[in-house]
Amino acid sequence: MKIGVLKETAPETRVALLPEHIPFIQKLNSTLLVESGAGEYAFSPDTAYANGGAAIASGESVIEESDIILCIGMPGPERQRLLKGKTVIGTFQPLFHKEVFAQLAADNITSFSLDMLPRTTRAQAMDVLSSQANIAGYKAVLTAANLFPRYFPMFMTAAGSIAPAKVLILGAGVAGLQAIATARRLGAVVEVFDTRPAVKEEVQSLGAKFVEVEGAADASKAGGYAVEQTEEFKQRQKEKIAQSAKKADIVITTAQIFGRQAPILLTKEMISDMKPGSVIIDIAASTGGNTEVTEDRKTITYNGVTIVGDSNLPATMPYDASKMYGKNMINFLQLLTDKEGGMHLNFEDELVAGACMTHAGEIKNERLK
Ligand code: NAD
């Protein structure tokens, strides 16, 4: 089988597979075709792919010759037309782009979106949301530390004492937990909110304080994801977050609800009450953001508070991000190929079925339908 890797559209810097992943493709009895320049921003020139045994070609030839095409974002409309009859795998946020998938189905394109994988233990090795969220949480804190006009750690010096920075983290999923660990390593005092009480112990084990809000909706059947909360809960949570935000120097917001707009956790009023010079990093920016003023992929200032709407922090660490993304891809490809290197789609496998959006001219995913 032939597997192709496309160059992503700017400003994306990551690539779906690195040269170091080529031996895994060969183990699948498959060959790799790479669009020229695909790895440029991930410090992987064409020569590195060619030395590993891949063929370098134009994007059009990669699509034409490959059976499976790997990418991060969905290729643009012109390339989508060339994908007819092919299989494409990426991280496409399908529930926010329903019309694109209707077209893919009409064009008989088989598409898999790894952000739709069920969150089971078996899926962890191919969970792109986790591998990339880990980077986002880490880089969110480093970005905040760079923008913050004060120290993170506590210091007692002859020139006076410095109090440790107060970091507030909203949402303790994969990104939030990594943000807690990173902020703690830098010496900050950390407070955390999440609607899932199950994360309390993890938060505490990282040395942060978990602020509980009574009456959260039961999310135990939502596959690890958060669920929509009642208005009453939202009001109670808002009051508590307002108190914590007022004292915080840095706020990292990561709260998402699967397939929906992110919840607004910081209103304009709450931000106006924050200390000037404070920094908010909103990782949920691509699904609307957790503040009332977030603008995706933009840094703005509101009443002296800097708000970074950066939904693609993993792209600021393109090498490691691509390394983990590529390994996730390889692990998923193993489910789609047989020993001879042919494609074998077993829809009895919940991971194959869960990640498949379109196949044989139809939309396969129930939620997308
Ligand atoms: P996510 O990105 O969907 O959300 C981030 C966090 O925000 C979550 O912890 C969520 O509970 C929280 N949140 C949502 N609404 C909120 C609100 N109104 N206020 C405060 N917090 C709010 O989540 P994620 O990081 O992708 O992972 C969520 C869970 O899934 C975790 O428990 C994780 O361990 C689990 N998980 C399982 C697998 C797997 O088994 N394959 C993989 C990844 C994650």
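These notebook entries record what I looked up in one predicted model.

**Ground rules**

I number residues from 1 along each chain as its sequence is written, and I leave out hydrogens and water, since side-chain values use heavy atoms. Because the model is predicted, local features need pLDDT of at least 70 and side-chain atom pairs count only at pLDDT 80 or more, while totals for chains, interfaces and linings use all residues.

**Entry 1: the sheet**

I began with the strands. Helices (H or I, at least four residues) and strands (E, at least two) are DSSP runs, numbered from the N terminus. Two strands pair if DSSP finds at least two bridges between them. I noted an open sheet of 8 strands with mixed pairing, in the order β3-β2-β1-β4-β5-β6-β16-β17. The edges are β3 (55–57) and β17 (362–363); each has a single partner strand, so one side of each is left without a neighbour in the sheet. Strands of a sheet pair through backbone hydrogen bonds, either parallel or antiparallel. I then looked at one pairing: β1 and β4 (residues 68–70) run parallel and are joined by 3 bridges. There, Val-5 has Leu-70 in β4 as its bridge partner.

**Entry 2: the ligand site**

The shell holds 21 residues, of which Arg-119, Asp-127, Val-174, Asp-194 and Arg-196 come nearest. By class, the shell divides into 7 nonpolar, 10 polar and 4 charged residues. In this scheme Ala, Val, Leu, Ile, Met, Phe, Trp, Tyr, Cys and Pro count as nonpolar, Asp, Glu, Lys and Arg as charged, and the others, Gly among them, as polar.

An N or O atom in the side chain of Arg-119 is 2.5 Å from an oxygen atom of the ligand. Thr-120 brings a backbone N or O atom to 2.9 Å from a ligand nitrogen, and Gln-237 places a polar side-chain atom 2.8 Å from a nitrogen atom of the ligand. Taken alone, the ligand exposes 840 Å², and the protein buries 86% of that. Accessible areas come from the Shrake-Rupley method with a 1.4 Å probe; for residues, only the protein chains shown count as cover.

**Entry 3: salt bridges**

How many salt bridges does the whole structure contain? My search found 17, a salt bridge being a side-chain nitrogen of Lys or Arg within 4 Å of a carboxyl oxygen of Asp or Glu. Side chains of opposite charge can pair when their charged atoms come close.

I examined Arg-150 and Asp-249, whose side chains meet at 3.4 Å, N to O. Arg-150 lies in the loop between α6 (128–147) and β7 (155–157), and Asp-249 in the loop between α9 (231–247) and β12 (250–253), so the pair ties together parts that are 99 residues apart in sequence. For exposure I used these cut-offs: buried means under 20% relative accessible area, exposed over 50%, partly exposed in between (1.4 Å probe, protein chains only). Asp-249 is buried at 3%, whereas Arg-150 is partly exposed at 43%.

A further salt bridge joins Lys-200 and Glu-212 at 2.9 Å, N to O. Lys-200 sits in helix α8 (residues 200–205) and Glu-212 in the loop between β11 and α9, 12 residues apart. Lys-200 is partly exposed at 28%, and Glu-212 is partly exposed at 36%. I also recorded one network, in which salt bridges that share partners join Glu-228, Glu-231, Lys-234 and Arg-260.

**Entry 4: backbone details**

Which residues are joined by a cis peptide bond? I found one between Ala-10 and Pro-11, with omega about 10°. Pro-11 belongs to the loop between β1 (2–5) and α1 (22–27).

I also noted Gln-93, which has a positive phi of about 45° although it is not a glycine. Gln-93 is in the loop between β5 (87–90) and α5 (98–106) and is partly exposed at 30%.

**Entry 5: Thr-157**

Note on methods. Near = heavy atom within 4 Å. Polar contact = N/O pair within 3.5 Å; in protein donor to acceptor, adjacent residues only side chain to side chain.
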